[in-house]
Amino acid sequence: MGAPLLRVEDLRAYFHTADGVVRAVDGVSFSLEPGETLGIVGESGCGKTVACLSILRLLDPPGRIEPGSRIMLRDRELTAASEEEMRSVRGNEISMIFQEPMTSLNPVWTIGDQIAETLRRHRRARPAEARRRAAEMLRLMGIGFPEQRLDEYPHQFSGGMRQRAMLAMALACDPSVLIADEPTTALDVTIQAEILDLLAGLQERLGMGLVFVSHDLGVIAQIADRVIVMYAGQVVESGTADEIFRRPRHPYSEGLLRATPRVGRKMQQLSVIPGSVASPKLWPSGCRFHPRCPYAWDRCREELPVLRGEARAVRCWLEEEPARRTGGWDGAALAEDR
Amino acid sequence: MNEAAAGAEDRPERGHIAKAAALVPGLAHLLEGRRRAGLSLLALALVTLAVLVFAIDRVAATFTTGRVDYWVALVTLIGAAAVAWGVGFREALGGPRARAKGVSQWAIAWREFSRNRVAVLGLYLMLTLYLATLLAPYLTPYEPNTIGDMATTRHLSPSLAHLMGTDKFGRDVFTRVLYGARISLSIGLIAVSISVTLGTVVGAASGYFGRVVDTVLMRFVDMFISFPRLVLLITVIALFEPSIFTVIVVLGLTLWPSTARIVRGEVLSLREREFVEAARALGLSGARIICRHIIPNVLGPVIVAATLGLGNIILVEAGLSFLGLSVQPPTPSWGNIIEGGREYLVQAWWVSTFPGLAIVVTVVAFNLIGDGLRDALDPRQRM
Amino acid sequence: MVASTGRQGAAEGLPTGATRRPLVAAEALVKHFPIHSGLFGRETGRVQAVDGVSLEIRRGETLALVGESGCGKTTTGRLLLWLLEPTAGRVIFDGQDMSSLDRVGLRAFRRRAQIIFQDPFGSLNPRMTVGSLLREVLRVHRLARGEAAEQRIGELLDAVGLHADEASKYPHQFSGGQRQRIGIARALAVQPDFVVADEPVSALDVSVQAQVLNLLADLQRRFNLTYLFITHDLSVVRQIADRVAVMYLGRVVELGDCDSLFRGPLHPYTQALLSAVPDPERGTERRRIALSGDVASPAAPPPGCPFHPRCPHPGVDDTCRTLVPPLRTLAGGAQAACHKI
């Protein structure tokens with residue numbers, strides 16, 4: 001296989017604020033093949049959204065991609081691209097959809113205008129042609145009566161329909177990569193299920209690479225082929241969806257899974273990851289998860305573990321000293337947190 | 001935060017220096033590396049000292065003149081000195097500052113504001129001007145309204161004796177600008193307080209109670225807004241005698257509708273906030289919810305509107321006095337000083353220029369402060 | 001009856017007769033919000049947020065109210081707390097009809113019934129310290145003053161897992177999970193019997209969500225609380241509820257014991273809802289019951305069964321399209337509103 005579709009290497013995105021440097025994304029690497037879905041899981045503040053915005057170079061100052069980071073779209077280096085080049089990449093080769101379908105659409109333009117706009121910008125399509133293509137996109141998204149709905153305004157669409165319209169906009173130019181940042185979080189479960197099915201179907205048909213970001217383990221388990229788990233601006237574990245959800249190796253992934261309630265069964269008591277998510281203003285020393293980790297020992301407090309492994313990688317000292325994996329989450333659940 | 005910690009650590013080591021620092025206000029702050037606070041205190045102390053040294057005869061005269069503005073100046077002087085030394089003392093001698101762990105939204109807003117250099121500059125300008133107007137009797141040896149010897153003092157150009165020259169009646173322009181500032185600033189402040197109070201009450205009531213109250217009050221506001229202010233002013237002043245009082249009342253009564261609009265909008269969104277609902281679920285009374293939970297949260301935009309409104313009112317007042325519809329000569333106001341110099345713009349440019357500059361500086365300063373406050377109080381930046 | 005963690009504590013302290021009588025009961029509750037428009041605000045329509053909800057909440061239990069956005073679950077919660085007055089129907093709290101309460105009675109009620117909100121950012125007044133917001137509650141209800149109040153604030157913060165000396169901090173100095181704990185402490189300050197928890201963990205991170213869920217369960221045992229747990233998240237319901245009521249377009253479509261409802265949902269909507277929940281264990285091997293179309297607007301609900309336009313049941317017929325199915329009690333004790341069961 002040649003170069004992957006998208007390769008991110010040692011991505012670091014920092015915010016240089018008056019209060020100091022916020023290291024929101026601190027050395028994230030991953031790659032994406034055509035037709036593949038990469039799931040990024042993590043809680044708020046772990047840097048997953050900033051990482052996505054960085055790929056499209058959409059970070060606003062004081063946010064900045066640090067030198068040394070590499071973002072390769074096939075064999076093009078995006079960190080070195082000019083703003084003009086980036087504009088032709090955005091929405092054309094790499095598209096992004098966001099969590100809030102309410103605010104991501106401009107309320108003063110019709111849905112049709114907004115889909116056509118991307119086409120006219122990137123494909124230089126004539127108005128009639130753009131409109132025809134826009135209607136086709138809406139039909140592809142499973143929206144009935146697309147010709148009529150083109151002339152409607154976003155407020156006339158329900159939440160799920162808006163997310164479909166967003167998708168239509170994002171996919172109008174046949175991008176090779178789609179980045180979806182929590183696209184179903186604001187939706188009801190039944191609508192979420194529809195959108196997930198739609199995304200999976202579209203990907204099969206269009207063969208694009210999909211980066212799907214979510215805090216919801218269930219959603220990621222359902223849609224992703226490979227998964228990276230992020231904590232405190234770093235990748236703590238990566239592997240196939242099956243590996244991550246059936247045999248998590250990092251204490252954080254493990255704890256997260258045990259803390260997630262299931263519809264399928266009732267747990268005796270949910271495990272608890274003590275404390276709260278680390279703040280990007282001041283990451284803990286050593287392993288960034290150590291203050292919440294049930295296994296942590298001296299080494300974890302002092303040394304930042306390296307991400308070991310290729311396709312299946314874990315950032316934890318337990319990988320070197322597996323004998324220390326004793327007690328763990330069951331003990332922590334009983335202890336309760338403060 | 002770091003400064004505070006550092007200060008607390010090295011405190012035990014500074015024995016004598018700290019005590020010595022207590023005598024010079026601001027020194028303690030400077031030793032701790034808090035430059036801005038230290039320099040401001042030092043400057044304040046030096047100003048009061050300088051006034052005392054250079055105008056001691058007029059300070060002494062306070063007790064014989066029996067005039068109100070002299071007394072105001074004296075109290076201001078004592079107040080400024082007390083503040084400068086008091087703060088300095090507390091810093092130098094007080095034990096480790098009892099810093100509560102709570103950092104209020106106001107504290108954050110202040111930190112944000114103080115980072116905005118231009119806005120802080122505006123604030124200093126305003127404070128200086130205000131202090132100067134209060135200390136006016138001590139800062140200038142002349143009287144604002146006493147007509148001088150027309151033959152010898154008419155239209156003197158700026159010099160050390162007359163910083164801004166003299167006008168056609170031989171009066172010192174600097175003195176008149178200082179006293180005029182007093183009038184202009186007072187009119188601005190009082191009119192804004194009236195409009196803010198009225199606007200907040202009306203807006204809060206309208207937004208919180210909604211329905212009929214809202215409809216009635218808002219239609220009333222619409223009526224007020226749609227009436228041209230200048231026409232209203234001229235009518236009212238034509239009916240009554242032009243005086244400071246009429247101007248204050250009319251200006252105050254024409255500005256409140258915009259505040260009411262702002263407050264109503266804020267209250268409408270606050271009313272839906274869950275903490276207000278929580279307060280209702282806890283059985284708190286309507287009045288209590290408005291006062292404790294709603295008003296403090298609308299103060300931010302109100303303060304911004306008030307600051308920007310101040311600049312605006314000062315401008316309007318200047319225009320009115322220029323037209324002779326406000327404060328009547330010989331009482332000085334910036335507008336009527338400019339008007340007085342209008343005929344002699346070529347021979348005596350200074351008469352109109354300096355009050356004009358004063359207006360520009362003041363209005364710009366208020367706008368800078370207002371913009372700074374707007375950024376600092378924007379709640380979207382936190383949470 | 002299935003014994004569950006939540007109920008044990010409650011049953012102990014009460015005479016057996018009292019457990020029979022529900023603490024809270026809704027009888028055919030209806031809430032319509034008028035839609036005003038035009039210059040004179042004439043009423044041009046009505047949003048039928050809640051349309052005939054009847055349910056009982058037993059002492060010491062957790063009843064979960066589940067449904068998607070716009071189904072009226074939040075409005076139902078507000079009605080039971082008398083924060084909204086129903087258009088029709090009755091709310092009975094501890095044997096008393098709420099509409100008969102005067103000011104004094106209502107004030108007493110406010111001490112017995114409390115609410116916890118979803119948004120840990122919006123539910124605390126940003127201008128008040130944690131201490132002052134708790135103090136206000138204690139003072140308004142004349143529960144404690146001065147030294148006693150400070151001690152009580154310490155106890156409350158301790159009960160929700162915060163440190164007493166954090167009382168001087170402002171809400172923005174806490175993380176989302178901690179703020180939710182503060183919200184819980186505020187609700188507990190009046191020592192209520194009944195707590196409506198409106199999506200209390202939906203805005204929290206997974207790892208923190210588990211902490212708060214465990215805390216709620218723990219407090220229920222300690223203080224003998226009765227919960228109405230409003231949520232859209234079915235996996236959370238499974239974890240915390242004793243009984244579940246599923247709402248759709250302002251009506252309860254199914255009500256039953258938690259375990260049996262999750263094992264064998266009766267109503268087609270409940271079945272579809274359950275099948276749509278992603279579960280990290282099931283991964284991609286799930287069989288989803290597809291629903292077509294969107295939820296109808298509560299301003300224009302369809303005639304007949306509110307679910308019929310989306311219903312996956314093969315036998316949808318004219319009865320479904322014209323007649324509103326009543327909530328019927330079925331063999332196992334569960335209740336469902338469907339013509340086809």
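Where in chain A does Pro62(A) lie? Pro62(A) sits in the loop between helix H1 (48–55) and strand S4 (63–65) of chain A. The model is predicted. In it, a cis peptide bond joins Pro61(A) and Pro62(A), with omega at about 5 degrees.

Chain A has another backbone feature to check. Asp10(A) has a phi near 50 degrees, a positive value in a residue other than glycine. Asp10(A) belongs to strand S1 (residues 6–17) of chain A.

## Helix packing

| Helix pair | Axis separation | Crossing angle |
|---|---|---|
| H7 (residues 159–171) and H8 (residues 189–206) of chain A | within 10 Å | roughly 20 degrees |
| H14 (residues 244–271) and H16 (residues 286–322) of chain B | within 9 Å | roughly 150 degrees |
| H4 (residues 35–54) and H8 (residues 117–134) of chain B | 13 Å | about 15 degrees |

Start with chain A. The axes of H7(A) and H8(A) cross at roughly 20 degrees. These two helices are therefore roughly parallel to each other. H7(A) passes H8(A) in a right-handed crossing. From H7(A), the contact uses Gly160(A), Gln163(A), Arg164(A), Leu167(A) and Leu171(A). Their partners in H8(A) include Ile191(A), Glu194(A), Ile195(A) and Leu198(A). Leu199(A), Leu202(A) and Leu206(A) of H8(A) also take part. The residues of this contact of H7(A) with H8(A) are eight nonpolar, two polar and two charged.

Now chain B. The axes of H14(B) and H16(B) cross at roughly 150 degrees. H14(B) and H16(B) are therefore roughly antiparallel. The crossing of H14(B) past H16(B) is right-handed. On H14(B), the contact residues include Val247(B), Leu251(B), Leu255(B), Thr259(B) and Ile262(B). On H16(B), they include Ile294(B), Asn297(B), Val298(B), Pro301(B) and Gly309(B). The contact of H14(B) with H16(B) divides into 14 nonpolar, four polar and two charged residues.

H4(B) and H8(B) pack at an angle of about 15 degrees. That makes H4(B) roughly parallel to H8(B). H4(B) passes H8(B) in a right-handed crossing. Here Arg36(B), Ser40(B), Leu44(B) and Val47(B) of H4(B) meet Val120(B), Tyr124(B) and Leu131(B) of H8(B). The contact of H4(B) with H8(B) comprises five nonpolar residues, one polar and one charged.

## Interfaces of chain C

The area buried between chain C and chain A is about 3,900 Å². Carbon and sulfur atoms give 49% of that area. Val206(C), Gln239(C) and Pro280(C) supply 17% of the area that chain C buries against chain A, more than any other three residues. The count of salt bridges between chain C and chain A is zero.

Chain C also contacts chain B. In this interface, 33 residues of chain C are in contact with 23 residues of chain B. The buried area between chain C and chain B is about 2,800 Å². Carbon and sulfur atoms give 53% of it. How many salt bridges are found across the interface of chain C and chain B? The rule finds three salt bridges there. Arg78(C) forms a salt bridge with Glu277(B), and their closest N and O atoms are 2.3 Å apart.

Notes: Residues numbered from 1 in each chain as written. Chains lettered and ligands numbered in written order. Predicted model: local features only at pLDDT ≥ 70, side-chain atom pairs only at ≥ 80, totals over all residues. Heavy atoms only, no water. Axes fitted to C-alpha atoms, helices over the stretch in contact; angles between N-to-C directions. Helix = DSSP H or I, 4+ residues; strand = E, 2+ residues; numbered from the N terminus. Parallel < 35°, antiparallel > 145°, perpendicular 65-115°, else oblique. Left-handed = near helix turned anticlockwise from the far one by under 90°. Contact = heavy atoms within 4.5 Å. Nonpolar A, V, L, I, M, F, W, Y, C, P; charged D, E, K, R; others polar. Buried area = accessible area lost by both parts, 1.4 Å probe. Salt bridge = Lys/Arg side-chain N within 4 Å of Asp/Glu carboxyl O.
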